Amino acid sequence: MATTAAYEVTAAVPAWLNKGDNAWQMTASTLVGLQSMPGLVILYGSIVKKKWAVNSAFMALYAFAAVLICWVLLCYRMAFGDKLLPFWAKGAPSLGQKFLIKQARIPESTHYYDNGKIEAAMIEPFYPMATEVYFQFTFAAITMILLAGSVLGRMDIKAWMAFVPLWLVFSYTVGAFSLWGGGFLFHWGVIDYSGGYVIHLASGISGFTAAYWVGPRLKSDRERFPPNNVLLMLAGAGLLWMGWSGFNGGAPNAANLTASLAVLNTNISAATSLLVWTTLDVIFFGKPSVVGAVQGMMTGLACVTPGAGVVQPWAAIVMGILSGSIPWFTMMILHKKSTFLQQVDDTLAVFHTHAVAGLLGGLLTGLFAEPTLCSLQLRVTNTKGAFYGGGIQFVKQLVAALFIIGWNIVSTTIILLLIRLFIPLRMPDHQLMIGDDAVHGEAAYALWGDGEKYDPTQHGPDSPGRATASGFGNGARGVTINL
């Protein structure tokens, strides 16, 4: 009786609900959410110079919260709702219980043959809309936070607060609907399994564009910007890597064969890319870099994302090798030789780690997409990579990349120029000199050092509670606290 009761149809467990799929999708959503909050919050707060730790972490925190509210008020249905334009859906709230507890569906995903007959039925996962809305939110949130990495250390926080909802509405939803929600690239058969274009290419290109318009950091910050806590940076990177199992494992909308393969491919590519990047660091610079290893990990994850569920594991290794070497070359060699690239201050090199890696992954998917695996996941029949006889697929991948690049350059530029009419995009120099203490009135660590504003009433020689060196002049030993 207990076994039968577990599968009994009730008002809360309708016949269409698959508890396994729903449980996995909610788990995957949580994993992707953890990549941003606290993953990237920790990573950003520790990979930057100490005086920008609070500001960098807060930019990520604010984006996560702001995107969620915008997502349920308007943006989910702009990305996955009823068609308005070939690249955009009709916006509407996703807040009513009638909408959220019905079976999930992507209304524009039905794919037709040229003669009007149905080629692939509408995507209708076996879980409720509430699960789908939250799952897709976590992707939107991490895209916004990745973009922030390009403008850390100088973008005015008020300008960032205005930029987040505008970019979500006018940039992210366009890419998401076009490639995932039933837009023109979706029906043309472009493969973006889990966001190589929608997330990584878009965030990298928009981040680079934003960095151009916001302007550079102070010269002193550009010349010396060491991580304030390498070990904590690794903790954030670890959350990012492990969370990617939900990122790519949740894309099939079911706990199925494709999900399992995608998780394996994701980790293979990340590990390969990290090892290749580290090897290149040792060969050319004589020592392995922990920051470099994290960058290699991220390029491997970004590269495999557009094809994680439709390529074989050997192809994931190839993608890891190329993502650990080509972005390394563009960052370490090409960037230093290009006057234009040096003029644009991309703080965390998001252009290289996400735009270059995402574009590379999308194009490699056009080569390596395996026909049988494609048939398990994709809507357009007979989809296959160029290595299997589908040369047109590579062309489709290239055209889609050009659309995402062009749209994000234009939309990001217009948004920032509009904001600039009302709010300065870059902090004034006196705030840039000080950092967190000037912007937030808070510091990451309760230690005297880089970025703290000097206050003679608190830090002067006669101030109460001042620490003095006992027996060693101005030395750092024998510290006595005068109470």
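**Aromatic rings in the predicted model**

Q: Phe139 first: buried or exposed?
A: Phe139 counts as buried at 2% relative accessibility, where buried means under 20% relative accessible area, exposed over 50% and partly exposed in between, with a 1.4 Å probe and protein chains only. This is a predicted model, in which local features need pLDDT of at least 70 and side-chain atom pairs pLDDT 80 or more, while totals for chains, interfaces and linings use all residues. Residues are numbered from 1 along each chain as its sequence is written, and side-chain values use heavy atoms, without hydrogens or water.

Q: How many aromatic pairs are there?
A: The count is 23, taking rings of Phe, Tyr and Trp (its six-membered ring) with centres within 6.5 Å, called stacked under 30 degrees between planes, edge-to-face over 60 and tilted otherwise. Among them, Phe135 and Phe139 are edge-to-face, at 4.8 Å centre to centre and 65 degrees.

Q: And where do those two sit?
A: Both lie in helix 5 (residues 129-148), four residues apart, about one turn, helices being DSSP runs of H or I with at least four residues, numbered from the N terminus. Phe135 is also buried, at 2%.

Q: What about Phe368 and Phe387?
A: Their ring centres are 5.1 Å apart and their planes at 70 degrees, so this pair is edge-to-face. It links distant parts of the chain, with Phe368 in helix 15 (residues 350-368) and Phe387, 19 residues away, in the loop between helix 16 (371-377) and helix 17 (391-420). Phe368 is buried at 4%, whereas Phe387 is exposed at 54%.

Q: Switching topic, which residues form a cluster?
A: Phe87, Trp88, Phe170, Phe184, Phe403 and Trp407 form one aromatic cluster.
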